[in-house]
Amino acid sequence: MQKRYPLLALVIIAAIIASFSISASTSTQWKQVGDAKLKVMFWDVYTARLYTETGKFDGIQGPLKLHLTYHIDIDADELAEETGKQWRKMNFKHPDDSAWVAELHQIFPSLKRYDSLTLILDEQGQGKLLHNNQPHHDFEPSVQLQQFLAIWLSKRSTRPDLVAELTGQR
């Protein structure tokens, strides 16, 4: 008598399909450019790693991958608010900035210790946000997507030492 495991078969098929969709969207062969850790007082907030196809940073253009591993719990609203706060400090003043930050309140997940967020920017300027290596949200090309990456990758950043380490300048 042959036993059937239809639920197990469906789970296996779903896992295979998910792995194909993730690998297809991230099929670039990534080489690490640099890494940096954000510390605030005594706390490690996150470790950031930047990857490109060449292992060199040539500006905020795709393909590139920014991977953040958080060392603390952080609420989705705090992430969105910090984005707006960094933009104000960097003197970004695009008319759509407030709407984009408001949208981030809905997009960002709340993070637990060791959770990760990864933003992959493709050659057309589109972004894919992964939460714990699972697809979470797609971004169309925009000034705000570039500004978001500028928090970690621009000379206008409020954390120039982190940018230097992350972009391989140090």
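Visitor: Let's start with His-67, then: buried or exposed?

Guide: His-67 counts as buried because its relative accessible area is 15%, where buried means under 20%, exposed means over 50%, and partly exposed covers what is in between, using a 1.4 Å probe and protein chains only. Before we go further, please keep in mind that this is a predicted model, in which local features need pLDDT of at least 70 and side-chain atom pairs count only at pLDDT 80 or more, while totals for chains, interfaces and linings use all residues. Residues are numbered from 1 along each chain as its sequence is written, and side-chain values use heavy atoms, with hydrogens and water left out.

Visitor: OK, and where is the place of His-67?

Guide: His-67 belongs to strand S3; strands (E, at least two residues) and helices (H or I, at least four) are DSSP runs, numbered from the N terminus.

Visitor: Which residues does His-67 touch?

Guide: Setting aside residues up to four places away in sequence, His-67 touches Thr-47, Ala-48, Arg-49, Tyr-51, Ser-116, Leu-117, Thr-118 and Asn-133, with contact meaning heavy atoms within 4.5 Å. With Thr-118, the side chain of His-67 also makes a polar contact of 2.6 Å. A polar contact is a pair of N or O atoms within 3.5 Å; within protein, one must be able to donate a hydrogen and the other to accept it, and residues adjacent in sequence count only if both atoms are side-chain atoms. His-67 and Leu-119 are 52 residues apart in sequence, yet their C-alpha atoms are 6.5 Å apart in space.

Visitor: Stepping back, how many helices and strands are there in the protein chain?

Guide: The protein chain has five helices and six strands, and from the N terminus on they run α-β-β-β-α-α-β-β-β-α-α. Of its 170 residues, 42% are buried, and among contacts with a separation of 6 or more, 56% are between residues 24 or more positions apart.

Visitor: Which residues touch the most other members of the largest nonpolar core?

Guide: Those are Tyr-46 and Trp-152, in a core of 39 residues; a nonpolar core is a set of buried Ala, Val, Leu, Ile, Met, Phe, Trp, Tyr and Cys residues joined through side-chain atoms within 4.5 Å. At least two residues of this core come from each of strand S1 (31-40), S2, S3, H2, helix H3 (97-107), strand S4 (116-121), helix H4 (143-153) and helix H5 (160-166). The most comes from H4, which gives seven residues to this core.

Visitor: And what does Tyr-46 touch?

Guide: Not counting residues up to four places away in sequence, Tyr-46 touches several residues, including Leu-68, His-71, Trp-152 and Leu-162. His-71 is in the loop between strand S3 (64-70) and helix H2 (76-89), and the side chains of His-71 and Thr-47 are joined by a polar contact of 2.7 Å.

Visitor: What about the backbone, say the peptide bond that joins Gly-62 and Pro-63?

Guide: That bond is cis, with omega at about 0°, and Pro-63 sits in the loop between S2 and S3. Most residues other than glycine have a negative phi, and most peptide bonds are trans.

Visitor: So what is the phi of Asn-91?

Guide: Asn-91 has a positive phi of about 65° although it is not a glycine, and Asn-91 is found in the loop between H2 and H3. Asn-133 also has a positive phi of about 65°; the loop holding Asn-133 is between strand S5 (127-131) and S6, and Asn-133 is partly exposed because its relative accessibility is 43%.
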